[in-house]
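Hi,

Here is the structure I promised to send over.

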Amino acid sequence: MMTTLPPVRGKLIKDASLAPYTWFRVGGSADWLFLPEDETDLAGFLKTLDPAIPVTVLGVGSNVIVRDGGIAGVVVRLMGKYWGSVEASEDGFLTARPGALDVSVAKAAARAGITGLEFLSGIPGSLGGATRTNAGCYGQELRDVLVGLEGYLRDGTHVAYRGPGRPGNLPEASFSYRHTDLPNDLIVTKLTLEGSGSGNPEKILAEIESLQNRRADTQPIKEKTSGSTFANPDPPGTPDQRSAWKLIDAAGCRGLKVGGAQVSPKHCNFLINRGDATAADLEALGELVRAQVLATQGVNLRWEVRRIGRIKPPLPPIDA
Ligand SMILES: Cc1cc2nc3c(=O)[nH]c(=O)nc-3n(C[C@H](O)[C@H](O)[C@H](O)COP(=O)(O)OP(=O)(O)OC[C@H]3O[C@@H](n4cnc5c(N)ncnc54)[C@H](O)[C@@H]3O)c2cc1C
């Protein structure tokens with residue numbers, strides 16, 4: 001059956017391979033990839049799109065495994081100049097679009113002399129992804145700096161939320177460790193963030209550089225990876241917090257391989273694509289790690305990486 005999609009000003013690409021848009025570089029194609037020109041383009045498309053067609057939003061793919069069978073319906077990516085904009089104001093606030101890389105936001109804040117957003121430089125994703133995952137590091141999370149956000153639901157309805165603990169009449173966005181209770185179908189289109197004070201731009205930029213160097217020393221950031229595969233069993237601040245990597249190490253999984261996928265020898269909560277991995281290899285390896293951690297450490301690890309899309313059916317047997 002021919003599917004007719006609403007007219008758009010941005011780009012609509014049929015059968016678009018998604019692997020190049022993910023850090024793991026694996027996965028099948030989107031039935032349609034939509035790159036909206038701006039907010040009005042996105043909203044108009046969502047309002048008129050057949051409600052039966054699913055819509056999935058992707059950031060820069062640093063926290064996802066797109067399965068080998070690809071993604072049904074429309075995948076939206078908010079990339080380019082419009083979607084990556086960040087503006088800092090003199091009173092310590094930043095207004096940004098969700099396609100802005102977290103590191104760009106940290107650096108824009110630094111250049112404006114705003115402190116308190118340096119941690120974002122440690123997260124290789126976009127602000128949209130950071131919102132959905134309540135991304136964080138070095139003791140801070142997105143929710144700590146979020147003043148408010150706007151976006152659209154699947155049917156094109158515009159919605160707005162205030163950040164946790166922020167004043168106002170809007171509904172409050174609720175976050176927990178690497179999770180938000182915002183509607184599943186929400187596509188974030190605009191955010192306001194606030195730093196914690198002011199400082200010397202050069203010093204803040206130097207702090208960002210040192211955080212990034214620290215990361216490069218301890219994490220396989222140049223690999224095809226997706227960061228922490230499993231959430232720590234205990235949220236930050238828990239006394240004697242158990243960490244996923246220690247459990248994986250204790251279970252003997254460091255360096256473990258399935259097909260082209262491997263548990264990183266450098267940081268064993270990271271899975272890596274050694275070059276020819278499929279999404280199925282990565283998922284099977286993750287499940288093997290979970291099983292070994294459960295069997296030997298008694299802990300049921302929860303996937304932090306989001307696995308999305310269709311499993312590719314196995315090829316039919318060849319007749320003899
Ligand atoms: C080397 C490495 C290190 C990492 N270190 C950290 C770390 O220290 N801390 C941490 O928290 N994470 C870390 N990550 C994971 C990842 O960078 C974060 O989860 C990041 O926030 C994901 O952003 P993204 O743009 O890549 O989102 P994607 O991976 O593309 O998507 C993630 C989720 O966000 C949703 N999403 C994306 N854009 C939007 C939008 N506009 N509106 C609504 N939902 C949206 C997607 O639908 C999906 O559910 C690391 C990853 C790597 C590869």
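**What I found**

Of the 320 residues in the chain, 48% are buried. Before you read on, bear in mind that this is a predicted model.

Starting with the overall build, there are 7 helices and 23 strands in the chain. The radius of gyration is 20 Å, close to the 20 Å that the globule rule gives for 320 residues, so the chain is as compact as a globular protein of that length. Along the principal axes, the C-alpha atoms fill a box of roughly 70 × 55 × 30 Å. If you count contacts with a separation of 6 or more, 62% of them are between residues 24 or more positions apart.

As for charge, the chain carries 35 positive and 35 negative side chains, with the centres of the two sets 3 Å apart.

The UniProt record, an unreviewed entry, puts the feature "active site" at R178, S228 and E304. These are spread over 127 residues of sequence, yet they cluster in space, with a largest C-alpha distance of 11.0 Å.

Where does R178 lie? Look in the loop between β13 (175–176) and β14 (179–180). Is R178 buried or exposed? Its relative accessibility is 16%, and the cut-off for buried is under 20%, so R178 counts as buried. Leaving out residues up to four places away in sequence, R178 touches T133, N134, A135, G136, E141, E304 and R306.

Cheers

Notes: Residues are numbered from 1 along each chain as its sequence is written. This is a predicted model: local features need pLDDT of at least 70, side-chain atom pairs count only at pLDDT 80 or more; totals for chains, interfaces and linings use all residues. Side-chain values use heavy atoms; hydrogens and water are left out. Helices (H or I, at least four residues) and strands (E, at least two) are DSSP runs, numbered from the N terminus. The radius of gyration is taken over C-alpha atoms; the globule rule is 2.2 Å times the number of residues to the power 0.38. Buried means under 20% relative accessible area, exposed over 50%, partly exposed in between (1.4 Å probe, protein chains only). Contact means heavy atoms within 4.5 Å. Lys and Arg count as positive and Asp and Glu as negative; His and the chain ends are not counted. The place of a charge is taken as NZ of Lys, CZ of Arg, CG of Asp or CD of Glu. UniProt positions are given in the numbering used here, feature names are shortened, and annotations may be inferred rather than shown by experiment.
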